[in-house]
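Here are my notes on this model, point by point. Please keep the structure open while you read.

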Amino acid sequence: MNDVKSMLPAELEQLLTALGEPKYRAKQLFSWLGRGAGSYAEMSNLPAALREKLAKEAPLCPPEILRKAVSRTDGTVKYLWRLSDGNAVETVVMRYAHGLTVCISSQVGCRMGCAFCASTIGGLVRNLTAGEMLDQVLFARRDLGEEIGNIVVMGIGEPLDNYDNLLRFLTLANHPEGLNIGMRHITVSTCGLTEKLAALAAEDLQITLAISLHAPDDETRSRLMPANRGRGVAAVLAACEEYFARTGRRITFEYAMIDGVNDSVSQAEQLAALAKKARAHINLIPLNHVEEREFSPSAPERMAAFCRVLDRLGANYTVRRSLGGDVDASCGQLRRTYERGGSL
Ligand code: SAH
């Protein structure tokens, strides 16, 4: 089947030419797809015969909302979508002073195996197509009737483990005749697949890159994040330095504070040194407790002591506000609850 939602204008042109249509129809189709059309029937400037042909040759299959929940405390909206093959992924929309940020998934499940994360528990099921990534933004926007300001690829999955589709998604989201979201308004978060980071640096995109660091030493990081094994913090740091040198874009280090695991004074000192070397900004995240996982968020006094060290060393950091806590709106927890058969 033709996956029109993942196609760039030139590819749509090829498809329509093959169907015996003039090229300008591709432009019209791309524009409808970029606006989040739910069916060919909506595409009023395409001839009925073409719409029928397309519906047969390239069915649209928009995601269906399986669950939608709105946080009473902060307005965060979470969606659980049913994809055309029956798999489920989640998307979270957060409200900030500067507008809406949508957090999308990049895979169904994940194979990175991070010890604190809910998304990886059932392993990787499959990659999402570029169109399925884009659909999460388009259909959240359509459902809410509000414009989206920023996209973060921080939902389920490891985006750099789905590299080609990720790049295609970025091109589509950024396209002036499509969704037209500036690269500077897109953040991609990765557990640090160094070989892919080098490729991404070479693309020289203006996106924000977030590295899930979570520990400054190999012993702790490899325990928490199997993807660190065989790579190591030093290699991740070198990849970050190269990325910054190439793109001039400041990297963010994400650091989930886990009680008694990665929140010691010495780890704070090591983290500050790494961030200084990579010229990275540190984002401290209070760990979200995941039912199946043994870890707890850092106690407030340990968090405070950690921050004092970062302050003393002049590190550049913020503590992330946790949104949507009353609606399980983080880190694959919604999909987990769904697959366990729980009520949402
Ligand atoms: N695979 C990518 C993106 C998805 S996860 C990555 O690793 O960056 C988005 C962020 O949430 C990552 O920093 C991830 O480590 C973090 N995360 C996962 N589970 C968490 C939990 N229980 N509490 C806090 N942060 C968590």
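**Notes on the domain contact, the ligand site and the salt bridges**

1. The area buried between domain 1 and domain 2 is about 1200 Å². Carbon and sulfur atoms give 52% of that area. Buried area here is the accessible area (1.4 Å probe) that two parts lose on being put together, summed over both. Lys5, Ser6 and Phe30 supply 40% of what domain 1 buries against domain 2, more than any other three residues.

2. A word on the basis. This is a predicted model, in which local features need pLDDT of at least 70 and side-chain atom pairs count only at pLDDT 80 or more, while totals for chains, interfaces and linings use all residues. Residues are numbered from 1 along each chain as its sequence is written, and side-chain values use heavy atoms, with hydrogens and water left out.

3. Domain 1 covers 4-57 and domain 2 covers 64-339; the bounds come from an automatic or database domain assignment. Their C-alpha centres lie 33 Å apart. The contact (heavy atoms within 4.5 Å) takes 16 residues from domain 1 and 15 residues from domain 2.

4. What holds charge against charge here? Between domain 1 and domain 2 the count is 3 salt bridges. A salt bridge is a side-chain nitrogen of Lys or Arg within 4 Å of a carboxyl oxygen of Asp or Glu. Lysine 5 and aspartate 135 form a salt bridge through their side chains, at 2.8 Å from N to O.

5. Which elements give two or more residues to the side of domain 1 that touches domain 2? They are α1 (9-18) and α2 (24-34). α2 gives the most, with 5 residues. Helices are DSSP runs (H or I, at least four residues), as are strands (E, at least two), numbered from the N terminus.

6. Now the ligand. Around the ligand are 18 residues, each with a heavy atom within 4 Å of it. Gly157, Ser189, Ser212, His214 and Asn288 come nearest. A backbone N or O atom of phenylalanine 116 is 3.1 Å from a ligand nitrogen atom. A polar backbone atom of cysteine 191 is 3.4 Å from a ligand oxygen atom. For glutamate 254, a polar side-chain atom lies 3.4 Å from an oxygen atom of the ligand.

7. The whole structure has 16 salt bridges. In one of them, arginine 126 pairs with aspartate 85, with the closest N and O atoms 2.7 Å apart. This pair links distant parts of the chain, 41 residues apart. Arginine 126 is in strand β6 (residues 124-127), and aspartate 85 is in the loop between β2 (77-82) and β3 (88-96).

Conventions. A polar contact is a pair of N or O atoms within 3.5 Å; within protein, one must be able to donate a hydrogen and the other to accept it, and residues adjacent in sequence count only if both atoms are side-chain atoms.
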